[in-house]
Amino acid sequence: MKEVIIIEDEKDIAELIELHLEDLDCEVKIFHNGKEGFEYALMNPFDLMILDINLPGMNGVDVCRQLRAEKVNSPILMLTARSEEIDKVLGLETGADDYLTKPFSVRELLARVKANLRRVEIDTQSDSSASVISYKGIVIDKKKRKVSLNNERIELTPKEFDLLYLLAANPGVTYDR
């Protein structure tokens, strides 16, 4: 069963989405406040988030930005009334994986949800091989995107982490620039 978080202040829209997601065998958790949804998402793994931008407590752009800063990589689909190109670009550049404007077609929303969940499934299958690599005090955890040396965390940029993991997962392989 897939875990989906909906952060949407319009209760009717949230309930409509929940109803359709349950038909896809998803377990849905709804929040009508951005800060509450953010705090829940930070502490609980999820497969997809459907996120409005205009929210009380904390706006959706900040929710997305802070989740990405905390290395939460689950897909985020922004569902919002903001339809200007700059709003879409901002949402996607902040870390959203998809963007859909209101009013929306339920069929299109469900198609986008299925596509994002498929990506999660493919990533999970490819991640299943050696998600933690340990060697002489160095521990690289791919799922948590954390590196530690002698139990002390080492801060890396996303590119540095990807490069380190690639090299550690393929010992003896040489790569060109």
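1. Two strands count as paired if DSSP finds at least two bridges between them.

2. A word on the source. The model is predicted, with local features needing pLDDT of at least 70 and side-chain atom pairs counting only at pLDDT 80 or more, while totals for chains, interfaces and linings use all residues. Residues are numbered from 1 along each chain as its sequence is written, and side-chain values use heavy atoms, with hydrogens and water left out. Helices (H or I, at least four residues) and strands (E, at least two) are DSSP runs, numbered from the N terminus.

3. The sheet. Strands of a sheet pair through backbone hydrogen bonds, either parallel or antiparallel. Here four strands form an open sheet in the order 6-7-8-9, with antiparallel pairing. Strand 6 (132–135) and strand 9 (152–154) are the edge strands, each pairing on one side only. On average, neighbouring strands of this sheet are turned by 20 degrees against each other, direction ignored. Axes are lines fitted to C-alpha atoms, for helices over the stretch in contact, and angles run from 0 to 180 degrees between N-to-C directions.

4. The helix on the sheet. Helix 6 (residues 158–169) lies across strand 6, strand 7 (138–141) and strand 8, and runs at about 110 degrees to strand 7. Contact means heavy atoms within 4.5 Å.

5. The cores. A nonpolar core is a set of buried Ala, Val, Leu, Ile, Met, Phe, Trp, Tyr and Cys residues joined through side-chain atoms within 4.5 Å. Buried means under 20% relative accessible area, exposed over 50%, and partly exposed in between (1.4 Å probe, protein chains only). The largest nonpolar core has 20 residues, and those with the most contacts inside it are I5, I7, M49, L51, V63, L67 and M78. Two or more residues each come from strand 1 (2–7), helix 2 (34–43), strand 3 (48–51), helix 3 (60–69) and strand 4 (76–80). Helix 3 gives the most, four residues. Leaving aside residues up to four places away in sequence, V63 touches I7, G34, F38, M49, L51 and M58. A second, separate core of 18 residues includes V4, L109, L110 and L117.

6. The cavity. On a 1 Å grid over the protein atoms alone, a cavity is a set of points where a 1.4 Å probe fits but cannot get out; lining residues have an atom within 4 Å of a point. Grid points are joined across faces, edges and corners, and a volume is the space filled by probe spheres set on the points. The count comes to one cavity of 30 Å³ or more. The largest cavity has a volume of about 80 Å³, and its lining includes K71, R145, R153 and F161. Strand 8, strand 9 and helix 6 give two or more residues each to this lining.

7. Backbone points to check. Most residues other than glycine have a negative phi, and most peptide bonds are trans. K136, in the loop between strand 6 and strand 7, has a positive phi near 45 degrees and is exposed at 72% relative accessibility. R145, in the loop between strand 7 and strand 8, has a positive phi of about 55 degrees, but R145 is buried at 19%. A cis peptide bond joins K102 and P103, with omega about -5 degrees.

Conventions: On a 1 Å grid over the protein atoms alone, a cavity is a set of points where a 1.4 Å probe fits but cannot get out, and a pocket is an open set with protein on both sides within 12 Å along at least five of seven lines; lining residues have an atom within 4 Å of a point.
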